[in-house]
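Here is a short note to read beside the model. Keep the structure open and check each point as you go.

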Amino acid sequence: MTLMIICSKRLVRMLTLGRAVGITLFPFIIIVPELRHDPYVINHERIHLRQQVEMLVLVFYVLYFASLCWNLARLRNFMAAYLIVFFEREAYDNEYDLGYLGRRKAFASLGYAFGKKRAR
Ligand SMILES: [Zn+2]
């Protein structure tokens, strides 16, 4: 699949309320221009693309948002809540492994949701 990358600091700030350097909205990766060539940031976003495709996009957003809200209700801290969303845990755990997507099993993120993978 050809990556469709949009570089726009303004768009990233708007979509993430200034809290992130990139966001993946299938089929686009939207990223701040200075990180356009950062292989690890791109890998992180590519992991989200894979998660979105296998969850038929809409299911991904519903589960992501539900997980974020659940975590936020418990922790009362946005960054802490965001970092333990199971989709993020998979992406952060594997962003430095550039071969990860080649070996990744389908629905691997569910392993993080159901506690098979270590918590951060
Ligand atoms: Zn992420």
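The numbered points below go from the whole chain to its parts.

1. **Ground rules.** This is a predicted model; local features need pLDDT of at least 70, side-chain atom pairs count only at pLDDT 80 or more, and totals for chains, interfaces and linings use all residues. Residues are numbered from 1 along each chain as its sequence is written.

2. **Overall layout.** The chain has seven helices and three strands. Helices (H or I, at least four residues) and strands (E, at least two) are DSSP runs, numbered from the N terminus. Along the sequence the order is β-α-β-β-α-α-α-α-α-α. The radius of gyration is 14 Å, close to the 14 Å of the globule rule for 120 residues, so the chain is as compact as a globular protein of that length. That radius is taken over C-alpha atoms, and the rule is 2.2 Å times the number of residues to the power 0.38. Along the principal axes, the C-alpha atoms fill a box of roughly 35 × 35 × 25 Å.

3. Of the 120 residues, 22% are buried. Buried means that 20 or more other C-beta atoms lie within 10 Å of a residue's own; exposed means 12 or fewer; partly exposed is in between; C-beta atoms are placed from the backbone. Two residues are in contact if their C-beta atoms, placed from the backbone, lie within 7 Å. Among contacts between residues at least 6 apart in sequence, 44% join residues at least 24 apart.

4. **The hairpin.** Strands β2 (residues 22-25) and β3 (residues 28-31) pair in the antiparallel sense over four bridges. Pairing requires that DSSP finds at least two bridges between two strands. Two residues sit between β2 and β3 in this hairpin. Thr24 stands opposite Ile29 in β3.

5. **Helix α2.** In α2, the buried residues include His44, Ile47 and Leu49. The buried residues of α2 pack against β2, β3, α3, α5, α6 (100-103) and α7 (109-113). Just after α2, Leu56 takes a positive phi of about 55°.

6. **Helix α3.** Which residues of α3 are buried? They are Phe60, Tyr64 and Asn71. Seen down the axis of α3, these buried residues fall within an arc of 40°, so they line one face of the helix. The arc is that of the directions from the helix axis to the C-beta atoms. The buried residues of α3 pack against α2 (39-54), α4 (78-83) and α5 (86-94). The face turned away from the buried side carries exposed residues, among them Leu58, Val62 and Phe65.

7. **The cores.** The largest nonpolar core has eight residues: Ile47, Phe60, Tyr64, Val85, Phe86, Phe87, Ala91 and Tyr112. α5 gives the most to this core, with three residues. A second, separate core of five residues includes Val12, Ile29, Ile30 and Leu49. A nonpolar core is a set of buried Ala, Val, Leu, Ile, Met, Phe, Trp, Tyr and Cys residues joined through C-beta atoms within 7 Å. In soluble globular proteins, nonpolar side chains tend to be buried together.

8. Locate Val85. Leaving aside its neighbours within four places in sequence, Val85 is in contact with Tyr64, Ser67, Leu68 and Asn71.
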